[in-house]
Structure formats: C-alpha cells, structure tokens
Amino acid sequence: MPGSDYIAHVDVNSFYASAERAFNPSLEGVPVVVLSNNDGCVVTRTAEAKALGIPMGEPWFKIAPRAKAWGLVALSSNYELYGDISSRVMELLGRYSAWVEVYSIDEAFLGVNGTPIQIRKLGRTIKDAVRRHVGVPVCVGIARTKGLAKLANKLAKHNPDFAGVCHWESIPEDVREGLMSRLSVVELWGVAARLTKRLNAMGIHTILDLKNTNPVLIRDRFSVVLMRTVLELQGTACIPMEEERVGRDQLIFSRSFSTPVTTAADMGQVMSVYAQQASARLAKHGLQAKVLTAFAGTSNYNQDSISYPSVCVPLPLPTADPVLLHRAANSLCERIYEGVKYVRAGIMVTDLRPTGNQSPLELFENPHEERGIGPLLEAVSKRYGRGSIGLGSAGVRGGPDWSMKREMLSPRYTTHWDELLLVKAS
C-alpha cells in the first residue's frame with residue numbers, strides 16, 4: 001500500500017437510522033428501526049431499539065402491534081437519502097487520505113501514516129469532522145492490517161472507553177489478547193455462523209484461539225481466505241487496499257414488488273427498467289457484459305400457482321448497450337404465465353470485462369454504443385429524474401404499481417427539490 005503505514009476503518013453507526021436522525025433531531029434517543037424493501041423486515045436498529053430486544057431481520061408485522069407502547073419509530077428505507085449521505089461521507093474521508101477504498105455504503109478503509117499520537121489524533125479528527133459536516137456518527141479503528149482495523153472498529157463501537165476511536169497498537173498486548181479471548185470467532189470479518197460451527201468443532205471458539213492457530217493448518221482444513229484472516233490477526237497484511245470494488249464477476253438488479261405482476265406486458269416494463277439500470281451501472285464503471293440472465297418468481301407462500309421462469313441470453317458481443325440488454329431481458333416475457341402473481345424479478349449480467357477489451361474476432365462496434373445511447377439516457381435521467389426517459393416500456397409513465405411499498409418513507413431531503421428541509425427563523 002503506497003505511502004501508508006496503517007489502515008483506518010471508518011464505519012457509520014446504524015447508518016440508515018443515523019441518516020434519518022441527521023434531518024430529524026426528534027429521533028435522537030428514540031428507538032428507531034428501518035425496514036427492508038416493501039416494509040418487510042428490520043434491517044437497521046438504533047441502540048435503543050436493540051435494548052428492546054428487537055432482533056435483526058424481525059418481520060415488521062410481528063412488532064408493529066407493540067410499537068406504540070414501546071415508543072418505537074419505524075421508517076421505510078429511504079435509499080435516495082442514504083445514497084446521498086454515503087457519497088458525502090466518502091467525499092469527506094477522501095480529504096484525509098489519498099488512498100480510500102469504499103467498502104460498502106457505510107464503511108471505508110483509508111491508508112494513513114504517522115506516529116501513534118498522530119494516528120489517534122487523526123482518528124478523532126475524522127470522527128468529529130464527519131459528525132460536524134455530514135451529521136452522522138462514525139467509529140474509527142486503526143491498525144496495521146484490514147482485519148485488525150475492522151476488529152479495532154468493533155471495539156471502538158462497543159467500548160465507551162475508546163470514545164469512538166481505537167488505535168490497535170496503542171492497547172497493551174495483554175489487554176488486546178484479553179479482548180480477543182472474550183470475542184467469539186463469529187464476530188470476525190467474513191466468518192459466518194456455519195464456519196463458526198466448523199471452527200468450534202476444532203476447539204477454536206474465540207478470536208484469540210484463531211489467531212494462535214497455525215495458518216497452514218487453517219488453509220488445509222478450510223481455505224486460503226480464512227488463512228489470510230489468521231495472518232491478518234497475527235499482524236501480517238495480506239488483504240490489499242483496492243481503489244475500486246466494482247471489478248466483480250456479476251451485477252444483479254432484483255426487487256420484490258409491492259403489488260404482484262400478473263401479465264407479460266407488465267413484466268416487460270419491469271425488465272426494461274432493470275436493463276436500463278444495468279446499462280447505466282456498467283457504463284459508469286467502464287464494464288461490458290457478455291451474458292444476461294433474467295428471472296422471476298411467485299411467493300413461497302403461494303402453493304396454488306408456482307412459477308420460477310428464467311432465461312439465460314449470451315450476448316452477441318461484450319456490451320453495455322441498453323438496447324441489446326433491453327431485448328435480452330425482455331425474452332423472459334415469453335415464459336411468463338398470464339394471471340400468475342409474480343412477486344419478484346430481476347436480471348443478472350455476468351462475464352464482465354473492461355470496455356474496449358474485445359477479442360480480435362469482435363471486429364465491429366455496436367452502433368448503439370458508438371452513438372452513445374446509454375450515456376445519453378443516463379444524462380437525461382440525472383437531469384430530469386428517474387423515469388423521465390426510457391427504452392420501450394421503461395419510458396411509459398403510469399405503468400403497473402410494481403414499485404416498492406414504502407408507507408413510512410421520510411422526505412428525500414437532499415435529492416428532491418420539493419422535499420427539501422424548511423428552516424424558519426422566529
């Protein structure tokens with residue numbers, strides 16, 4: 001990692017709820033939960049909501065009857081607001097390091113350097129700056145490796161003695177080992193419940209147990225990935241910083257519907273919208289896809305009409321062309337049964353490669369991409385809003401009500417002019 005001695009992991013606390021509180025101070029100190037698509041399950045809980053015993057993933061209908069007695073506030077996922085707040089946080093973090101890896105919507109790794117005193121001061125500066133300029137609370141963990149930085153962040157979040165900033169090497173070694181001996185391996189980055197059971201069967205129960213295990217044994221029994229985790233815990237950096245986390249093998253656009261889709265025509269509109277979104281995302285990151293898969297499905301609880309149609313379409317050449325993606329996605333409509341209630345659908349583009357990396361046999365450029373139809377659609381959408389333009393049925397207004405149900409949606413304070421926060425002076 002060029003020019004950096006440490007890695008800082010910055011994570012927004014209860015991100016969705018914190019973004020809501022930034023514009024609605026009345027939510028401070030109040031138990032708040034944010035719900036998933038279609039107001040289904042709890043995906044974010046404030047500390048006050050956790051104190052009520054509300055588990056992550058709890059269906060809203062189960063806790064709704066007790067919400068008023070608890071003083072619980074439930075909100076629909078305001079993705080427009082969260083995306084904008086995330087971009088503001090990441091832009092701000094970029095002022096403190098030339099090497100920033102945006103890991104997810106609410107967390108990032110930064111390459112930083114300096115003495116321990118300077119590092120701790122920088123952590124506090126970052127924490128205070130994000131709170132002051134964006135309005136959301138963060139915790140900062142700093143260590144020599146990504147794995148230890150994540151662990152330091154967890155300690156900063158749950159131990160008030162750290163005041164939100166934990167520099168791993170500033171903690172005495174016996175204290176560090178004591179902390180790791182009290183944390184289960186399931187608390188580690190990338191270690192899920194199933195893997196935890198396998199580790200427990202080997203007598204590895206705590207993070208300290210795993211740290212003290214031979215990395216080669218872990219590689220032989222599990223994987224190279226878990227071996228890297230052990231090495232990171234031992235202080236050997238082996239998970240590099242990445243400038244961009246979009247060079248993945250696939251992109252998926254999928255959503256459940258608030259109202260079931262029952263006709264091929266309506267499903268065609270869904271597929272058209274998804275294809276246009278996939279085109280915009282691919283173009284943004286300079287990628288092209290060679291294969292598109294489209295799928296749909298009925299509810300798991302609907303045993304009367306079960307249907308899970310899918311189609312896999314090899315594209316004639318690597319492309320981000322919205323016209324070709326639109327045609328490929330709409331081939332799913334031929335497999336849709338009229339009258340069947342489909343509650344979810346999506347598309348997946350795979351075999352991704354950088355734009356311009358066609359093989360010598362792919363001599364001719366797609367005429368639609370040559371004319372810039374994809375970037376044109378995206379430019380119009382950015383200026384006039386999503387839904388202002390589209391290919392085929394994706395541009396039809398007043399279509400079926402298949403968008404997400406968000407009955408407790410807060411205003412989109414930063415992205416819609418008619419929902420801006422009004423401040424009055426008395």
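User: Which hand does the crossing of helix 12 and helix 13 have?

Analyst: In this predicted model, helix 12 and helix 13 cross in a right-handed manner. Their axes, for residues 264–284 and residues 322–330 respectively, come within 8 Å and cross at roughly 145°.

User: Which residues make the contact?

Analyst: Helix 12 contributes Gly-268, Met-271, Ser-272, Ala-275, Ala-278, Ser-279 and Leu-282. From helix 13 come Pro-322, Leu-325, His-326, Ala-329 and Asn-330.

User: And how many of those are nonpolar, polar or charged?

Analyst: The contact of helix 12 with helix 13 comprises 7 nonpolar residues, 5 polar residues and no charged ones.

User: Let us step back to the whole chain. How many helices and strands are there?

Analyst: The protein chain has 15 helices and 13 strands. Of its 426 residues, 46% are buried. Among contacts between residues at least 6 apart in sequence, 68% join residues at least 24 apart.

User: Now the aromatics. How many aromatic pairs does a search find?

Analyst: Searching the whole structure gives 8 aromatic pairs. One of them is formed by Tyr-16 and Tyr-82, which are stacked, with 4.2 Å centre to centre and 10° between the planes.

User: Why does that pair tie together separate parts of the sequence?

Analyst: Tyr-16 belongs to helix 1 (residues 15–23) and Tyr-82 to helix 4 (residues 79–93), so the pair ties together parts that are 66 residues apart in sequence.

User: Are these two tyrosines, Tyr-16 and Tyr-82, buried or exposed?

Analyst: Tyr-16 and Tyr-82 are both buried. Ring pairs also link Tyr-16 and Tyr-82 with Phe-15 and Tyr-79 into a cluster.

User: What does Ile-85 contact around there?

Analyst: Ile-85 is a residue of helix 4. With its neighbours within four places in sequence left aside, Ile-85 is in contact with Phe-15, Ala-19, Phe-23, Val-134 and Val-136. Ile-85 lies 9.5 Å from Tyr-16, C-alpha to C-alpha, while the two are 69 residues apart in sequence.

User: Why does Ile-85 count as buried?

Analyst: Ile-85 counts as buried because its relative accessible area is 1%, and the cut-off for buried is under 20%.

User: Back to the ring pairs: what is the geometry of Phe-109 and Trp-189?

Analyst: Phe-109 and Trp-189 form a tilted aromatic pair, at 5.6 Å centre to centre and 40° between the planes. Phe-109 is in strand 6 (residues 107–112), whereas Trp-189 is in the loop between helix 7 (173–181) and helix 8 (193–201), so that the pair links parts of the chain 80 residues apart.

User: How accessible are Phe-109 and Trp-189?

Analyst: Phe-109 has 0% relative accessibility and therefore counts as buried. Trp-189, at 26%, counts as partly exposed.

User: Which charged ends sit over rings?

Analyst: The charged end of Lys-146 sits over the ring of Phe-109, 4.9 Å from its centre. Likewise, the charged end of Arg-144 sits over the ring of Tyr-6, at 4.1 Å from the ring centre.

User: One more topic. Which residues of helix 11 are buried?

Analyst: In helix 11 (residues 224–233), the buried residues are Leu-226, Met-227, Thr-229, Val-230, Glu-232 and Leu-233.

User: What do they pack against?

Analyst: The buried residues of helix 11 pack against helix 6 (146–158), helix 8, helix 9 (207–211) and helix 10 (215–221).

User: And what follows helix 11?

Analyst: Helix 11 is followed by Gly-235, which has a positive phi, near 100°.

Conventions
Residues numbered from 1 in each chain as written. Predicted model: local features only at pLDDT ≥ 70, side-chain atom pairs only at ≥ 80, totals over all residues. Heavy atoms only, no water. Phe/Tyr/Trp six-rings, centres within 6.5 Å; stacked < 30°, edge-to-face > 60°. Helix = DSSP H or I, 4+ residues; strand = E, 2+ residues; numbered from the N terminus. Buried < 20%, exposed > 50% of the residue type's maximum accessible area, 1.4 Å probe, protein only. Lys NZ or Arg CZ within 6 Å of the ring centre and 35° of its normal. Axes fitted to C-alpha atoms, helices over the stretch in contact; angles between N-to-C directions. Left-handed = near helix turned anticlockwise from the far one by under 90°. Contact = heavy atoms within 4.5 Å. Nonpolar A, V, L, I, M, F, W, Y, C, P; charged D, E, K, R; others polar.
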